[in-house]
Amino acid sequence: MITSLTHALAAGQQVAALVKGEDLANPVRTDADWCVPIPGHLDAAAVACSLLPYLTAHYALHHLARIRPGDRVLIVGTQSPNKALRHTASAARARVSTAASATSAVRRGGSWNVIIDITATPDPRLGRLLVPAGRLLTTTARPTPAEDTTGNTGTYTVDTGALAATAPRTVADLLSRIAGGLADGTLPPLPATRLPLSALGRRQDTDRPLAYQWPAGTVTADLPPEHVPIVRAKSAYVISGGLGGLGIVLCQWLAGKGAGTIVLNGRSQPTDQAREAIDTMRQEGTRIEVGTADLTETGTAEHLLRTAERHGHTLRGIIHAAAVVEDATVARITPDLLERVWRPKARGAWLLHQASTDYRLDWWVAFSSFVPLLGSPGQAAYASASAWLDVLIAHRAAHGLPATGINWGAWADVGIGARTLGKQGFTTIPIHDALAGLELLLTHARTSAGFVALDIDRWLEPYPAAATAPLLAPLLPATPAAPATGDSDQGIPLETLRQASPDQRARMVTELLTLQTAALLDCPPDRIDADTPLAGLGVDSLITVRLRNRLQQALGVPLPRTILRAQTTLTTLADYLTDHLPHTTTGSTGPGEIPQGSPPARIESTPPATPPLQQPGGPEQHQAQTPPPGENTSVTTPPPVPAHGEPAANLPTATSVWILDHRPVNLAGDEHVRLEQRPLPPLREGQVLIRNTHMSVHSAMLGQMLPTPVAQYCGVRGPLNPTAFWVPYAVGEAMTGPAIGEVLASRTDDITPGNLVRHHLGWRTHAIVDATAVEQLPDTGLDPTVHLGPLGLNGLTAYGALMDGGHITEGDTVFVSAAAGAVGCLAGQIARLQGATRIIGSTGTPDKARLLTDTLGFDAVIDYTQGDIAGQLSAAAPDGIDVYFDNVGGDHLAAALDVLHHRGRILLCGLHSQYAQEHIHWPENLPLIIGKALHITGVKVFDYTARFTDFPAVMTRWLTTRALTCPVTVTHHIQNAYQALQGLSAGKNTGQSIVEL
């Protein structure tokens, strides 16, 4: 039955129709011209099963062969559509013969006007049997040309599928002719086997077409899953967030299911591993389109969907898997952080939703997170974005649009959750199980579902009150075993602690703390030093929460949050707990009381707590010498850098340090590095022990991680540049980099404890350094971190290059690429101070552009993400430029070459766009260096050591008078240090990138 929108067909009229696609569905939509009214005297199933065979026959004989009455027609083969061809030829009053095979036809001989070969392998010998001007047709492609003895025969391949795709009007005309023949009896309905829909998945021993009866009302047939086409062959699919590990897995799943076109989109270029996987899928026949546009920009979503159908494949499915995870406690969530987290997951989903509403999709899948369901410390921003995505799914479903939202746990081997969630009670989902779950949810068209692998007991450990939540009731044992009251999970009965002598009690509590901390850090108890501050042991803010809950459960002692500060040691914590154990002979605070007043002096005197852990980076941006916005001097702020001469106590015996685990293929992910605790060596004569307070990350570290040929050419030591200064990081060894810190202990007369120093053993919390490799910092009155930026290597690079190679003169126009970077922001300001009258910078975000013009004094800024760098630069510098300070290379260098004046100067400081590439791609207009007599200077910071006599004083004066300022991007905590380097690689930093250790 049909619902008609045309005058030719009436609503309720029974028709047979051809429908594009291969899915079993009810109702269906099709072109009205492809519908054939079923005469009352004919069987509907027989008419429906006759349309496609007769369409093939009519296309072959009437449209291609131009059959005429009296033509001699030979049909070779017994396969379908043999009967339709015979009836069609007979209805055209041709003389019809058949042959079971080409061999029997050749053996029989004869001359034929039309031969149609419907065998699986066309035989070229059939061409010998044609009369002059005869026509040879095959239903499969001919591997070798037919043998033509007359020289003027026509050969054709009958491809009904191509006809339907490219000539729907011709299909309609042929169906009209077929409908007339069926109605007047000149074409008899072909035999068909009628079956119930429930028999769809069963093997049928018949060569007849099969007609499955769709029952009236609700369909209750149990269809086998393999007959529910989740992924259609020759259809198109789009994956946002498709260039990461998860996206590639999903792409491989779609390709394995026969998808015709897959569009992958991500903000960054695919890794080498991803490229290899994509190339493999392409070689296997899947068309894969790769895009690196920002999904949250207007027009990107529409472009992706148009790209999917560009090659003739109909778009059938969308997977929205784009996400940014950036942890922060609620108190440290900023509008910028929310924007970074919300844009890909929420705004990207909304734009995909709006762009796809007019497409006839099979499914629209949103990859949400388990976090809105179960929570995760430090992920309030991500939880809110995921919850919004869940509501979008409900919105689509309410409007009758395909919608499936899945609150995923961590997939194994792909994504950051695979490495970080295990200790929180979450286990990873094997990829095979995750994909099977995805198929199951799509098969049953579930609107929303959670898919999480959860060790419920371990997850509840830090949140015991959550056990009463109704949501978790189905997951909990019906009769949970009651824990022994007052016993710790390490087997020390509370009553034993109460009755022990004071000395025994202190020892037992210290032992309990050691065991609990070791369990949470997943290390042997003998690695835990009771006199090392918690931060030095690797106890972050999340582990602190779990330790506090464990201790309160085991000992019945309320623990104020201020007790577990970063500088607290297990020894001082044991003192507090011993004093406050319930019903002890000391007469201390009772079991139900929270201690009033100040904690013991040893704890009260410790520095304030280290800020909560932020992953992956959670940077704050602020100006040097200016406190970060929203922070004050309360106990939750980072510890201030100590003044000169201030003594230190509680000397550590171990350090948290970043290790290069193996040489990476690229800098995506962090599986190639690890943060571990290593013992400090003995402090020897002529050495100092330093507590690092800050370290910096810079672009040379990218080459030290991954010493590609390009990195070696730019200053990293290797076979191509064996004398370069920067030594690649050694696999299995600690990473290094500029750091400043406080001297805790000294075995040299020149340096005293409490002094602030700069050295090159960053990437760790503590270091023992030879005094000769340490530089004591002068007391300039500035924030000490300036010695890692404008008064460090970055400042010397910009200053030395412009003074020695830039030769700035009054009236010069200077162009600086990566102008919001650590070197670029200084280079533009120094050029202005040296007399340049117009400064132009390039950057990639509106916020950075505003900083350059409103704060740093740039006259114009181009946005390289908008493309046409050359056009933008020409507009910003209509009279050309005199000096180009290059940090990027590539398109920026090409654009600068076009507008540089005769005898202009190029300061080649970096090729950031090509550090990860195997080969440098120089611009095609590079010969302009000759034509314009340009002067190029390679910028190498250690060539400017002679500037040490004037550089510190000049830069200090500029900073003190605010003639120059340097933005700083601060990443908190040693655990997030590597994310800071990744952010630098991706251009996320503004100005100097600092890690507050």
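Helices (H or I, at least four residues) and strands (E, at least two) are DSSP runs, numbered from the N terminus. The close-ups below come from a predicted model, in which local features need pLDDT of at least 70 and side-chain atom pairs count only at pLDDT 80 or more, while totals for chains, interfaces and linings use all residues. Residues are numbered from 1 along each chain as its sequence is written, and side-chain values use heavy atoms, with hydrogens and water left out.

Figure 1. Find Ala818 in the loop between β27 (813–816) and α24 (824–833). Most residues other than glycine have a negative phi. With a relative accessibility of 29%, Ala818 counts as partly exposed (buried means under 20% relative accessible area, exposed over 50%, and partly exposed in between, using a 1.4 Å probe and protein chains only).

Figure 2. Ala133 is partly exposed, at 43% relative accessibility.

**Figure 3. Arg310 and Glu289 form a salt bridge.** A salt bridge is a side-chain nitrogen of Lys or Arg within 4 Å of a carboxyl oxygen of Asp or Glu. In this pair the closest N and O atoms are 3.2 Å apart. The bridge links distant parts of the chain, 21 residues apart: Arg310 sits in the loop between α8 (300–308) and β13 (314–320), and Glu289 in strand β12 (residues 287–291). The structure holds 24 salt bridges.

**Figure 4. Arg747 and Glu685 join two loops through a salt bridge.** The closest N and O atoms of Arg747 and Glu685 are 3.2 Å apart. Arg747 lies in the loop between β23 (739–746) and β24 (756–759), and Glu685 in the loop between β21 (673–679) and β22 (687–697), so the pair ties together parts that are 62 residues apart in sequence. Arg747 is partly exposed at 38%, and Glu685 is exposed at 60%.

**Figure 5. Arg343 and Glu339 meet within one helix.** Their salt bridge spans 3.2 Å, N to O. Both belong to helix α9 (residues 335–356), where being 4 residues apart separates them by about one helical turn. An α-helix has 3.6 residues a turn, so residues three or four places apart point the same way. Arg343 is partly exposed at 23%, as is Glu339 at 40%.

**Figure 6. Helices α8 and α9 cross.** Their axes come within 8 Å and cross at roughly 50° (axes are lines fitted to C-alpha atoms, for helices over the stretch in contact, and angles run from 0 to 180 degrees between N-to-C directions). The two helices are therefore oblique to each other; angles under 35 degrees count as roughly parallel, over 145 as roughly antiparallel, 65 to 115 as roughly perpendicular and the rest as oblique. Ala301, Glu302 and Leu305 of α8 make the contact with Leu351, Leu352, Ala355 and Ser356 of α9, where contact means heavy atoms within 4.5 Å.

**Figure 7. Helix α30 is mostly covered.** How many residues of α30 (residues 977–985) are buried? The count is 8 of its 9 residues, including Tyr978 and Leu981.
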